[in-house]
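Here is a structure to read through in questions and answers. Each answer sets a value against the cut-off that applies.

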Amino acid sequence: MWMVWWTLPESHKPNNCSPIGRHNIARVLIRDQWTSESLTCDVSSTGARSYPLVERKVAAEMSQPSTQPFDLCPNYQESTKAKTTIPRDHKKRKAGESSTKAASVQHLRPRMVLLKGFVKPGDQIEMVRMCRQLGKGPGGFYRPSLKNGAKLNLWMMSLGKSWDPIAHSYGPTHPFDEAQAPTIPDAFKMIAQTANSTASEYPQINPDICIVNYYTNSEKLGLHQDKDESESSLTKGLPFISISIGDTTEFLFGNTRDKDQATKINLESGDILILGGESRLLFHGVSHVKTNTAPSWLKEEIGIRPGRINLTFRQY
Ligand SMILES: O=C(O)CCC(=O)C(=O)O
Ligand SMILES: [Fe+2]
């Protein structure tokens, strides 16, 4: 028999710990924010099976909600505002038609296309409102950790399938608390697919994954490749479609992880970037989210926190 000891750093009190999931991850409360945390597991052969304090506490708290909701728009009163609806905006549009008259198509590299100002203000507001609602619920925003224990500098939520940043794989539920990944709203898919057909060099995808990131103005994302989707999706170079809302970001891309060799572009609120084909595995990242650069109507209408939301649509 094995004796298994779960140990936590002194700062993470066991009674602030929620269920251990598939990957020895606990959800712990640090300075009023829930975060996922790798647990150290020492295994030794002693002849007795024992689960000390932390795991007993974890079991006792299984029935409690495991998320401390993160509110993208803390000052927004849902009932006081007339709703703008994405479906209404989109019904007026024929397939393949861009969502704003001003949208321009920029070819940055082979199969790397930037649709400037593609998402209409009303649609952006509605997307924020829906992200806010989904983000506060089960399977909503959390602070992900990587395999080495480091934190990703952003809030993340996975729709459709849940991305596990430690296992580098997708599953139906959150890796740490088994919450079901919320469904991708049809209205979101419709916008992504309209962009997909506007940039006609790509095959049309049916997105079954949407990863939503929220960055404050001091947060960033290092250069990386997105290659956890299926081999068939990657081999076919099926595009991923990335929507930016909120503050302008400095976005990096290149052939290697070296940020000094990367190209920098600005992604503004409403822009859509599409990477497919030979550009599908480009390294990319976020180096700077520029303070006070979001359109004023976004703050006025929905009271979004300072920072930036990014949604990437993929087909597994
Ligand atoms: O925020 C962005 O623009 C990029 C996000 C990203 O690369 C990702 O979620 O994999
Ligand atoms: Fe990425």
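**The iron site and its surroundings**

The iron ion (ligand 2) is coordinated by His224 (NE2), Asp226 (OD), Asp226 (OD) and His284 (NE2), at 2.1 to 2.5 Å. This is a predicted model, in which local features need pLDDT of at least 70 and side-chain atom pairs count only at pLDDT 80 or more, while totals for chains, interfaces and linings use all residues; side-chain values use heavy atoms, with hydrogens and water left out. Residues are numbered from 1 along each chain as its sequence is written, and chains are lettered from A and ligands numbered from 1 in the order in which they are written.

Q: What makes the arrangement around the iron ion (ligand 2) irregular?
A: The 6 donor atoms subtend angles of 52 to 166 degrees. Donors are N, O and S atoms within 2.8 Å of the metal (3.2 Å for Na, K and Ca), and water is not among the atoms, so sites may look incomplete. Six donors count as octahedral if opposite donors are over 155 degrees apart and all others between 65 and 115; four count as square planar on those limits, or as tetrahedral if all angles lie between 85 and 135 degrees, and anything else is irregular. The angles of 52 to 166 degrees therefore make the arrangement irregular.

Q: Why does the pair His224 and His284 tie together parts of the chain that are apart in sequence?
A: His224 lies in strand β12 (residues 221-224) and His284 in strand β17 (residues 283-289), so the pair links parts 60 residues apart in sequence. Strands (E, at least two residues) and helices (H or I, at least four) are DSSP runs, numbered from the N terminus. The donor spacing is H-x1-D-x57-H.

Q: What makes the approach of Tyr215 to ligand 1 a polar contact?
A: A polar side-chain atom of Tyr215 lies 2.5 Å from an oxygen atom of ligand 1. A polar contact is a pair of N or O atoms within 3.5 Å; within protein, one must be able to donate a hydrogen and the other to accept it, and residues adjacent in sequence count only if both atoms are side-chain atoms. For Arg308, the N or O side-chain atom is 2.8 Å from an oxygen atom of ligand 1.

Q: Why is Phe188 called buried?
A: Phe188 has a relative accessible area of 0%, so Phe188 is buried (under 20%; exposed is over 50%, partly exposed in between, with a 1.4 Å probe and protein chains only). Phe188 lies in helix α4 (residues 186-198).
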